[in-house]
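Here is a short note for someone opening this entry for the first time. Please keep the viewer at hand and follow the points in order.

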Amino acid sequence: MKLKGDKKAKTRFDAVAEEMEISDGPQPTWKVDYGKDFERRMLRVLFADREFATTSGVHLSHEYFSTPSLRWLAQKIVGFVRDHGVGMSKDALAIELDRDVKVGRLTKANQEAARALVDTIDTEVKDRTYVKGELFKFIKNQTVDRAIRASIDHLDAQDFDAVDAELQKVLDVQTSASGGLGHFFVRDRQQRRERRKKYEFNGISTGLFLDEKLKPKGCPPKSITTVVAPSGVGKSGVLMFMCRSGIINSNAKGLYITTELSEEVVCDRLDASFTGVSIGELEKERKEVSLKVRNLGKKYGEFLVVKEFPPGVLTPSGLRAYLRQLESVGFYPSAIYVDSADDMVPDPGDRGRDKDGYEDYGAVWRGLRRVSYEAMAPVFTASQTSRGALNKEHVDWDHIADSAKKVMVSDVVIILQQTREEHRQKVGRFYIAKNRFGSAKAEWKVRLDWARIDITNI
């Protein structure tokens with residue numbers, strides 16, 4: 001018979017926890033108190049990064065969040081991902097909130113806090129990479145915590161199969177950090193069916209006829225597009241036109257990296273492209289240009305960052321570090337333009353035996369692919385042709401300068417061709433040399449207005 005004042009009997013786990021708490025060593029990571037503000041940021045990252053939500057996020061338990069409203073939101077986001085394999089929209093969360101209040105699953109006392117969480121769930125999170133890393137630790141620590149607690153009881157019962165099952169849960173979380181074990185073709189066929197049922201055109205527009213040849217109607221995330229042209233034909237102009245088109249047509253946030261031109265020159269050309277004012281008239285029409293850019297800012301927000309790096313200095317790792325700096329101020333580019341990767345150098349660990357050789361160019365392009373995966377954004381860059389391609393009527397990818405590995409790594413390769421006569425007429429021809437998202441070997445003629453950085457089909 002339990003008497004009043006008796007203490008609750010201790011479990012074996014409580015004894016272990018007490019022993020760890022009185023030790024001089026560090027506290028166990030699962031006991032970290034992140035605070036309500038950081039927990040809100042974790043859920044915003046889980047909502048925004050749906051790929052992460054469908055891998056690591058499914059292992060998240062709502063029980064470890066600190067308030068009823070946070071637990072409710074975590075349960076809704078994770079539960080929907082588990083059941084449907086896709087993320088939940090903000091509108092769906094609002095509907096679920098009203099329904100749960102009516103049926104009593106969420107008390108009226110917590111209704112306002114939950115509604116405030118839903119209203120701000122799509123707020124941009126600064127240092128998203130750091131928060132995402134902490135969120136993964138949070139999920140892993142929860143899983144390890146539960147596995148240890150459950151395993152102690154299973155050991156008492158000599159149920160080693162159950163212990164093995166608990167350990168497997170920990171391994172599943174760790175595996176999810178690498179995207180899981182992979183896609184099992186037969187078993188997961190229904191996932192493909194659902195994905196195709198909900199297929200969305202997620203490409204970033206190039207503004208060119210090329211978009212019609214790409215299944216996503218533009219260049220999708222985690223892809224590399226390389227623009228190839230002889231020196232002086234207009235590679236930089238093409239990248240700037242693509243940048244403008246991605247922002248205007250796809251509502252993208254653009255990052256323009258320049259290693260050839262200064263920031264001032266690039267910004268002048270982009271001003272001309274966005275406003276339609278000739279580069280030579282920018283000083284005269286400076287008030288009109290400023291007004292037009294301000295109006296674009298009202299419509300699209302802060303949509304573009306231009307950053308200059310000296311040639312021969314920037315590495316793929318350096319670009320990734322710069323992206324982290326942009327995250328710290330809440331800017332997350334959804335399209336990255338590098339003008340040009342020919343002026344980048346590979347990371348030291350990726351360099352080939354010949355320090356100026358064939359392998360180094362391929363290493364730069366592979367590094368840019370890693371950047372595209374981490375940023376979940378397409379990368380657009382440019383490269384020159386060899387001298388043998390000058391004034392040729394037709395140029396193919398085998399005329400690319402220095403290394404064919406640039407083409408091998410790229411998903412899309414388009415070539416701007418122009419003879420001397422076409423240069424006088426201010427026209428050119430685009431040729432799709434490679435296309436992993438549709439058909440290739442197509443050619444079309446365009447008019448090139450480099451005074452306004454504009455390209456139109458003829």
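1. Main core. Start with the largest nonpolar core, which has 40 residues. The residues with the most contacts inside it are Leu208, Met242, Tyr256, Leu304, Ile414 and Phe430. Helix α10, residues 235–250, gives this core its largest share, 7 residues. Bear in mind throughout that the model is predicted.

2. Tyr256 and its contacts. Which residues does Tyr256 touch, leaving aside its neighbours within four places in sequence? Ser236, Leu239, Met240 and Cys243 are among them.

3. Another core lies apart from the largest one. It has 35 residues, including Ala114, Leu117, Ile121 and Tyr332. As background, nonpolar side chains tend to be buried together in soluble globular proteins.

4. Overall make-up. The protein has 16 helices and 9 strands. Of its 458 residues, 45% are buried. Take the contacts with a separation of 6 or more: 67% of them join residues 24 or more positions apart. The exposed surface comes to about 24500 Å². Carbon and sulfur atoms supply 51% of that surface.

5. Val131. Look next at helix α7, residues 128–156, where Val131 is found. Is Val131 buried or exposed? Its relative accessible area is 0%, so Val131 is buried. Not counting residues up to four places away in sequence, Val131 touches Phe38, Arg41, Met42, Val45, Val125 and Lys126. Met42 and Val131 are 89 residues apart in sequence, yet their C-alpha atoms are 6.3 Å apart in space.

6. The cavity. How many cavities of 30 Å³ or more does the structure hold? There is 1. The largest cavity contains about 30 Å³ of space. Its lining is made by Leu46, Phe47, Arg50, Ala53, Ile77, Val81, Gly87 and Met88. The elements that give two or more residues to this lining are α2 (36–48), α3 (50–55) and α4 (68–84). By type, the lining residues divide into 6 nonpolar, 1 polar and 1 charged. A probe the size of a water molecule, rolled over the atoms, shows where empty space is left.

7. Backbone points to check. Most residues other than glycine have a negative phi, and most peptide bonds are trans. Three places in this model are worth checking against that background.

   - Asp339 to Ser340: this peptide bond is cis, with omega near 10°. Ser340 is placed in the loop between β4 (335–339) and α14 (358–375).
   - Lys217: phi is near 60°, a positive value in a residue other than glycine. Lys217 sits in the loop between α9 (189–197) and β1 (224–229). Its relative accessibility is 35%, so Lys217 counts as partly exposed.
   - Asn251: phi is positive here too, at about 55°, although Asn251 is not a glycine. Asn251 lies in the loop between α10 and β2 (254–258).

Note on methods:
Residues are numbered from 1 along each chain as its sequence is written. This is a predicted model: local features need pLDDT of at least 70, side-chain atom pairs count only at pLDDT 80 or more; totals for chains, interfaces and linings use all residues. Side-chain values use heavy atoms; hydrogens and water are left out. On a 1 Å grid over the protein atoms alone, a cavity is a set of points where a 1.4 Å probe fits but cannot get out, and a pocket is an open set with protein on both sides within 12 Å along at least five of seven lines; lining residues have an atom within 4 Å of a point. Grid points are joined across faces, edges and corners, and a volume is the space filled by probe spheres set on the points. Helices (H or I, at least four residues) and strands (E, at least two) are DSSP runs, numbered from the N terminus. Ala, Val, Leu, Ile, Met, Phe, Trp, Tyr, Cys and Pro count as nonpolar, Asp, Glu, Lys and Arg as charged, and the others, Gly among them, as polar. Buried means under 20% relative accessible area, exposed over 50%, partly exposed in between (1.4 Å probe, protein chains only). Contact means heavy atoms within 4.5 Å. Accessible areas come from the Shrake-Rupley method with a 1.4 Å probe; for residues, only the protein chains shown count as cover. A nonpolar core is a set of buried Ala, Val, Leu, Ile, Met, Phe, Trp, Tyr and Cys residues joined through side-chain atoms within 4.5 Å.
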